[in-house]
Amino acid sequence: MNPLALSIFITSLAIGTTITISSHHWLLAWIGLEINTLALIPMLTKNPHPRAIEAATKYFLTQATASALVLFSALINAYQTGEWTITSLLSPSSISLSIALMMKLGLAPLHFWMPEVMQGIPLLSGLILSTWQKIAPMTLMLQISQLINLELMITIGLISILIGGWGGINQTQLRKIMAFSSIGHLGWMIIILKFDPQLTMLNFILYLIMTTAMFSSLITSNVTKMQDLPTVFTKTPVLASLTMLTLLSLTGLPPLTGFIPKLLITTELVKQNATFLATLIMFLSLLALFFYVRLTYIITLTLPPNTSNSTALWHLKTKINSFISPVTSMALLIFPLSPSLLILM
């Protein structure tokens with residue numbers, strides 16, 4: 001892609017997200033969401049492949065539907081209340097708006113576009129779709145967190161955790177696995193959104209860090225299928241070990257960073273007398289634990305059928321982005337700082 005065009009699209013992404021984050025008006029928030037969508041579509045199709053065109057078309061149709069629902073709901077709410085302020089929502093409009101934002105986030109049962117789009121695009125575009133494109137809708141969800149329906153949020157969160165674990169079990173494509181991982185993590189955030197919005201924001205920030213670290217490792221090793229994972233160790237042994245630890249952090253095992261949101265969310269639900277809900281989401285997360293641990297087993301304890309010429313690949317210099325080191329360190333080592341994070345939040 002032309003560097004000038006790429007810089008324009010990245011700038012448009014940043015502007016669209018900034019407009020949505022800083023707006024208190026539903027029309028401005030909608031404009032920011034539309035700029036975000038239109039800026040990402042050319043980046044999805046930078047490789048002129050039919051699969052990429054199909055993925056971009058699915059993404060556009062889904063996001064256009066969600067944006068139309070956002071605008072329609074905001075218009076009905078403005079007709080009833082006489083103002084476009086984000087925080088002044090009536091009950092019917094808040095339900096339709098939250099459903100539209102959840103469609104943009106890719107939460108189940110509105111998740112069907114997410115794995116298909118992720119599978120058809122490059123890893124770098126998948127990173128943007130899994131991280132940056134979720135900032136604006138999640139910001140709006142945080143702003144209206146006290147106005148949305150609690151039963152709807154809990155139901156959507158439980159379904160998302162179930163689908164995020166169940167859908168990833170039988171997958172061999174790493175991009176689809178990361179899509180279902182995103183659905184599962186967002187389910188945890190949505191469940192706690194009504195109880196403690198600040199905890200949702202902390203969970204979202206940690207999700208962005210861990211997902212960025214995982215995608216950075218996959219981009220560096222140029223791996224998109226599960227059967228290619230065992231070859232990573234022969235090329236870059238250190239990167240293979242860090243990728244394994246990042247997967248365990250995404251799983252939520254202590255003492256890694258991913259354990260922070262699971263610990264805090266479970267504790268908060270118990271404080272809110274929702275012990276059964278906390279127990280249920282812990283059991284549902286065991287599904288995701290299975291395919292994460294399977295990936296760690298493949299990447300570290302399985303050797304590919306090598307030829308004698310390919311066994312010494314680690315002698316060759318592999319170009320590793322310097323960005324990987326800080327983001328992987330944060331994805332693994334933030335857990336000791338969790339008391340300080342709670343104070344800051």
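How do the residues of the lining of the largest cavity divide into nonpolar, polar and charged?

## The model

This is a predicted model, in which local features need pLDDT of at least 70, side-chain atom pairs count only at pLDDT 80 or more, and totals for chains, interfaces and linings use all residues. Residues are numbered from 1 along each chain as its sequence is written, and side-chain values use heavy atoms, without hydrogens and water.

## The largest cavity

The structure holds two cavities of 30 Å³ or more. A cavity is a set of points on a 1 Å grid over the protein atoms alone where a 1.4 Å probe fits but cannot get out; lining residues have an atom within 4 Å of a point. A volume is the space filled by probe spheres set on the points, which are joined across faces, edges and corners.

The largest cavity has about 120 Å³ of space. Its lining divides into seven nonpolar, seven polar and one charged. Ala, Val, Leu, Ile, Met, Phe, Trp, Tyr, Cys and Pro count as nonpolar, Asp, Glu, Lys and Arg as charged, and the others, Gly among them, as polar. Lining residues nearest the centre include His185, Trp188 and Lys262.

## Helix H13

Lys262 is also buried in H13, as are Ile260 and Pro261. Buried means under 20% relative accessible area (1.4 Å probe, protein chains only). Helices are DSSP runs (H or I, at least four residues), numbered from the N terminus.

Just after H13, Asn273 takes a positive phi of about 60°.

Definitions and conventions
Buried means under 20% relative accessible area, exposed over 50%, partly exposed in between (1.4 Å probe, protein chains only). Helices (H or I, at least four residues) and strands (E, at least two) are DSSP runs, numbered from the N terminus. On a 1 Å grid over the protein atoms alone, a cavity is a set of points where a 1.4 Å probe fits but cannot get out, and a pocket is an open set with protein on both sides within 12 Å along at least five of seven lines; lining residues have an atom within 4 Å of a point.
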